[in-house]
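Opening my notebook on this one. I'll jot down what I looked up, in the order I went.

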Amino acid sequence: MIEVKHLTKTYGSVQAVRDVSFEVGAKEVVGFLGPNGAGKSTTLRIIAGFLGATRGRVVVDGVDTVQEPVRARSRIGYMPENVPLYPEMRVNEYLRFRAELKGVPRAQRREAVERAMRDVHLFDHAQVIIGNLSKGYRQRVGLADALVSRPAVLVLDEPTAGLDPNQIRDVRDLIRSLAKHHAVLLSTHIMSEVESTCDRALVIDRGRLVAQGTLDDLRKLRRSRATRFAVRGEPARALEVLEKIEGVRDVREASNRQDVVVLEVRWTHKADTAAGTEQAVQALVDAGMKLREVAPTKASLEDVFALLTEEEQQEADESDASTDSDRGEASP
Amino acid sequence: MSGFWPIFKRDLFAIFVTPMAWALIVIFLLLEGLNFYWLTVHFANQVDLAVDHGPLQWFFGETILFYLPLLMLPPALTMRSFAEERRAGTIESLLTAPVSTPGVVLAKWCAALATYLIAWAPTLLYIVILRRAGDVDWRVVGSSYLGVVLIGASFLSIGVLMSSMSKSQFVAVLLSLAVTVGLFILGIGEFIFDRGLAHDICSHISIWSQMADFSKGQIDSRHLVFHLSLTILPLFICVRVVDSWRWG
C-alpha cells in the first residue's frame with residue numbers, strides 16, 4: 001500500500017533522510033523505529049505529502065504522491081506528531097470539518113464522524129471543546145481524524161507519545177484493531193511498542209534504514225550476547241576465573257553489594273554463549289565460588305541501536321578495515 | 001479548488017468564535033459612527049452645499065476616521081490566516097488533507113473578505129438616515145462602496161500574503177500594516193511633488209484620490225485594474241509561498 005523508493009531529503013547541507021526504500025503491505029502494521037532526530041518524522045511527512053522529497057518517490061495505494069498529490073493525500077489518514085488541533089472547535093465540529101475537507105459526501109458525513117468517534121471511544125466527548133481535552137483525548141481526536149474518511153493507509157507519527165500507561169495500552173489495542181481494514185505505518189522510539197503492535201519494523205538511524213524485519217528478527221536483535229554471574233566470594237578471583245573461559249570477550253563488574261559481586265561477561269560470538277556459560281559455571285564452582293544467579297542480560301533498546309548504528313558507522317568508513325567480529329550479524 | 005468551502009466556513013467560524021472579530025468590529029463601528037456624527041453636526045450648520053462636497057464625499061474619504069479603519073482593519077483580519085496555523089502546527093493537518101493550495105489560499109482570503117464586508121454592512125444604516133434628511137445619489141453610494149470593497153480586497157490579499165511570511169501573528173500584522181500604510185503615505189506624495197513622474201505615480205496609487213473619485217460616483221477603470229492586480233498578485237505569490245513550504 002505504501003511504496004517508498006530511494007527517498008532522500010536534504011535540508012541545506014544536512015541529509016535528514018538518505019536513500020530509504022521500503023514497502024508496507026495491506027493489513028500490515030509496520031513500526032518505524034529510531035531515536036529522536038533519526039528522520040522518522042521527515043519520512044512520514046514526505047509520505048503524507050506535507051514535505052517534498054529531494055530525490056526518490058512515494059506511491060500510496062497505487063498513486064504517485066508527486067504526480068497526483070491531491071489524490072494520493074485522499075488515500076492517507078495522517079496523524080502528525082503532537083496532534084495539532086484547533087482548540088476553539090468542539091470534537092464533533094472538528095471531525096465534521098475534517099470529513100468534509102477529506103471529501104466524505106454530505107450524506108455519509110454524519111455517520112462517518114460517529115463511527116470514527118465510536119472507534120476511538122470518543123463518543124462521550126463529542127460536545128467538548130478541544131482546548132479543554134486532556135492529552136489522551138486529544139490523541140484520540142487525532143486518530144479519529146485519521147480514520148474519518150476510511151483511508152486505505154494510516155500514517156501515525158508517535159501515536160502514544162505523552163500518554164499514560166493505560167492510555168498507551170488503549171491506543172495500542174486500537175491500532176491493532178485498525179489493521180483489519182488499513183495498512184498502518186507508525187513511528188516510535190520505544191522498542192516495546194513495536195513488539196506489542198507491529199508485524200514488522202523498520203529501524204532508521206541518522207537518516208538511513210539500518211535494519212528491517214519481522215518481530216522475530218527484532219527479538220533476535222534483542223537477544224543478548226552477555227551473561228551475568230552473581231557470585232559470592234572474592235571479586236578479583238572470580239574475574240580472573242571468568243576471563244580465562246574460551247569465547248569471553250571481556251568481563252566487567254556490574255555491581256558489588258555486600259559480599260555479592262555481579263559480573264557481566266560479554267561473548268565474542270553468539271555461538272559461544274551456551275557452551276561458555278556452562279564452562280564458566282563449572283569453573284566458578286571449581287574455584288570455590290558461591291554462585292547466586294546466572295542470567296543472560298537483556299539488551300536495552302539503546303544497546304540494539306548502538307549495535308545497529310555501530311554497524312552503520314562501520315559501513316560508512318569501510319576503508320577503516322576494522323576486524324571487530326562482533327558486528328557481522330546485527331542486521332537480520 | 002478542492003477544500004475551499006470547508007476551509008472558508010472554518011475560518012469564518014474561527015474569526016467569530018473568538019472575541020477578536022467582535023472587538024475589531026465594535027472599534028471599527030465606533031470610529032465610523034464618530035465619523036458620521038461629526039458629519040451630521042458639520043452639515044447641519046451648512047447653508048449651501050457644493051455638488052461634490054456633500055455628506056457622502058465627506059464620509060467616504062475626507063476624514064482620517066475613514067482611512068484609519070480602512071488601513072488597520074484588513075491587516076488585523078488576516079494576521080491569523082496562516083501565521084496562527086503555522087505556529088500551532090495545524091497547517092500540517094490542513095495541507096496533508098486532499099486540498100489544493102489555491103483552494104486553501106482563496107478560502108482564507110474569502111473568509112477575511114466576508115468578515116470585512118460584515119464589518120462594513122451596518123454603515124449602510126447611515127445612508128438610510130441620510131435619506132431621511134434629503135436625497136441620496138445611489139450611484140455615488142454604489143461607487144463608494146465599490147471603492148471600499150476593492151481597497152479591502154487588495155489589502156486583505158496583501159494581509160494573507162504577509163500572514164504566510166511569518167509564524168507570528170504580530171509580525172504578520174506589522175508587515176501588512178507597513179504595506180498598507182506605506183501605500184497610503186506614498187499616495188500623499190501626490191501633494192508633495194508638483195509635477196513629473198513622481199507626481200503621476202503617487203497620484204495613481206493614492207488611496208485618497210481613488211476614494212475621492214469613487215465618492216463622486218466616478219468608476220475609473222485604472223483604479224479597478226490597480227486593485228484587481230493588487231488582489232490577484234499577492235494571492236498568487238501566497239500560493240507559491242505555501243507550495244514552497246513543502247520543498248523547504
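How many Å separate the centres of domain 1 of chain A and domain 2 of chain A? I get 45 Å, taken over C-alpha atoms. The bounds, from an automatic or database domain assignment, are 2–221 for domain 1 and 224–296 for domain 2.

Ground rules: this is a predicted model, where local features need pLDDT of at least 70, side-chain atom pairs count only at pLDDT 80 or more, and totals for chains, interfaces and linings use all residues. Residues are numbered from 1 along each chain as its sequence is written, while chains are lettered from A and ligands numbered from 1 in the order in which they are written.

Next I checked a sheet. It is open, with four strands in the order S2-S1-S4-S5 of chain A and antiparallel pairing. Strands S2 (14–24) and S5 (63–64) of chain A are at the edges with a single partner strand each, so one side of each has no neighbour in the sheet. Strands are DSSP runs of E, at least two residues; helices are H or I, at least four. Pairing takes at least two DSSP bridges; S1 (residues 2–11) and S2 of chain A have seven, in the antiparallel sense. I found Ile2(A) opposite Val24(A) in S2(A).

Then the cores, meaning sets of buried Ala, Val, Leu, Ile, Met, Phe, Trp, Tyr and Cys residues joined through C-beta atoms within 7 Å. Buried means 20 or more other C-beta atoms within 10 Å of the residue's own, with C-beta atoms placed from the backbone. The largest nonpolar core has 128 residues, with Ala144(A), Val155(A) and Val184(A) making the most contacts inside it. Apart from it I noted another core of 15 residues, including Val241(A) and Met289(A).

Technical notes: A residue is buried if 20 or more other C-beta atoms lie within 10 Å of its own, exposed if 12 or fewer, and partly exposed in between; C-beta atoms are placed from the backbone.
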